[in-house]
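The following exercises concern the reading of a protein model. Please examine the sequence and the structure before working through the solutions.

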Amino acid sequence: MAKGRENQLHIGIFGRTNSGKSSFINAISGQNLAIVSDIAGTTTDPVKKSIEILGLGNVVIIDTAGIDDVSDLGRLRIEKTLQVLENIDIAILLISDNLFGNPETELIFEFNSRNTPFLIVSNKMDETPLSKDISELIKQDCGIEPFEISSINKTNLDHLINSLINIKSSLNAETPSLLGNLVNYGDVVLLITPIDSEAPDGRMILPQVNAIRDSIDNGCITIVLRESELELFFANYKIKPKIAVTDSQVFKKVAAIIPDDIMLTGFSVLLARMKGDFEEYLKGTPKISELQDGDRILLLESCTHTSSCEDIGRVKIPGWLNTFTGKHLEYDIVAGLDNLKRPIEDYALIIQCGGCVITRKQLINRLRSAKAANIPITNYGIAIAYVQGVYDRAIKPFV
């Protein structure tokens, strides 16, 4: 699959002021990317840097402010540092000078609450080696062996990178590819891609691009066409696809044309399985039928864009839900990774987009509070399939 930033490993670097975070980033990247200074608070706000690390490939490193600044401004910086936890796949907690106390244990609690794998790294071993007492304390409290490195001398960096590679491998094993277990080498994959005002000029939308690449990576024969040519394809070509994948907004039309013995699903449904909490989506989607007058729906978009009369989230989904339920519903839309406008408990249903421009971790964390509050969650494509009467067929390949 194409490796845009949404598919890159995101690694957050945390630690006290002057623990050597900037020096560590420069050492692990082999470049002078971060400003190194003895002045506390040199790093103020989280900063993202895309870099290439041998063995890990392209990753996004997020440099954060110190977690021990007790000033008023420092507390604001710490809040921004904690917000980074929603966006990372792996955390690296740097310590130095044998300092390990409340700032570190509180941060480790946050890692664990989000199921974020982390490493504890004692920096500056060339100046102050890690003491046996602190090492044993970390192993006892955290259950992991701390690394001891020197960013200046680049000592033990290879060992650390190997551990990051192992974590990455375990994360990849948990995440299926879009089509991975649905197709075999040589299968025909039919991708149905409507072109309307929401389609970028001269380009495909990202979920379609990802599906094309994933199909090719699996050695499949890939056919791409619009829904307007679908009947022509079946009339003129004696080809039976293994699976057809369509844009959700034409689910009903496509389902009427695709023979029942051919698997059919949507691009957004594939993304929901790969990136989202698919089981939670399946549990939450039928709640659409239970919506009542006055219920408030939260639509979560992962990207930011201008709206049009054909906007899928802002126009079409509300219209389909109103028609399907026959109820007067209220809608809030939150784009990007912005904060919610209301308490999560105000919503009767949350509908998350496919999440093509964010990572799986970002998407899962975004929905964590709703799941904890037992608010039904679904996904754009799955919700559309439900209101268009093709829900069972769209999810059949996965259940």
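The exercises below treat a predicted model, and each is followed by a worked solution.

**Exercise 1. Describe the overall make-up of the protein chain.**

Solution. Begin with the secondary structure: the protein chain has 15 helices and 14 strands. Next, consider burial: 52% of its 399 residues count as buried. Finally, turn to the contacts with a separation of 6 or more: 75% of these join residues 24 or more positions apart.

**Exercise 2. Determine which face of helix α3 is buried, and check the length of the helix.**

Solution. Step 1 is the length. Helix α3 covers residues 102–113, twelve residues in number. The result is 16 Å, and the end C-alpha atoms are 16 Å apart, which agrees.

Step 2 is the buried side. Glu-104, Leu-107, Ile-108 and Phe-111 are the buried residues of α3. Viewed down the helix axis, the buried residues of α3 fall within an arc of 105°, so they line one face.

Step 3 is the opposite side. The face of α3 turned away from the buried one carries Asn-102, Glu-106 and Phe-109, which are exposed. After α3 comes Asn-115, with a positive phi near 55°.

**Exercise 3. Classify two aromatic pairs by their geometry, and state how accessible their members are.**

Solution. A pair of aromatic rings is described by the distance of the centres and the angle of the planes. The structure holds seven aromatic pairs. Take Phe-233 and Phe-234: their centres are 5.1 Å apart and their planes form an angle of 80°. An angle over 60 degrees counts as edge-to-face, so the pair of Phe-233 and Phe-234 is edge-to-face. At a relative accessible area of 5%, Phe-233 is buried, whereas Phe-234, at 21%, is partly exposed.

Now take Phe-324 and Tyr-386: the distance is 5.6 Å centre to centre and the angle is 65°, again edge-to-face. This pair links distant parts of the chain, with Phe-324 in helix α11 and Tyr-386 in helix α14, 62 residues apart. Phe-324 is partly exposed at 35% relative accessibility, and Tyr-386 is buried at 17%.

Ring pairs also link Phe-14, Phe-111 and Phe-118 into a cluster.

**Exercise 4. Which residues have the most contacts inside the largest nonpolar core?**

Solution. In soluble globular proteins, nonpolar side chains tend to be buried together. The largest nonpolar core has 70 residues, and those with the most contacts inside it are Leu-179, Leu-190, Ile-258, Ile-350 and Ile-351. Helix α14 gives the most to this core, with seven residues. As an example, set aside the neighbours of Ile-258 within four places in sequence; its contacts then include Leu-190, Leu-230, Phe-234 and Arg-393. A second, separate core has 24 residues, among them Phe-24, Leu-119, Ile-149 and Leu-160.

**Exercise 5. How many disulfides does a search of the whole structure find?**

Solution. A disulfide is a covalent bond between the sulfur atoms of two cysteines. The search of the whole structure finds zero disulfides. As for accessibility, Cys-142 counts as buried at 17%, and Cys-220 counts as buried at 9%.

Key: Residues are numbered from 1 along each chain as its sequence is written. Side-chain values use heavy atoms; hydrogens and water are left out. Rings of Phe, Tyr and Trp (its six-membered ring) pair if their centres lie within 6.5 Å; planes under 30 degrees apart count as stacked, over 60 as edge-to-face and the rest as tilted. Buried means under 20% relative accessible area, exposed over 50%, partly exposed in between (1.4 Å probe, protein chains only). Helices (H or I, at least four residues) and strands (E, at least two) are DSSP runs, numbered from the N terminus. A nonpolar core is a set of buried Ala, Val, Leu, Ile, Met, Phe, Trp, Tyr and Cys residues joined through side-chain atoms within 4.5 Å. Contact means heavy atoms within 4.5 Å. The expected span of a helix is 1.5 Å times one less than its number of residues. The arc is that of the directions from the helix axis to the C-beta atoms. A disulfide is a pair of cysteine sulfur atoms within 2.5 Å.
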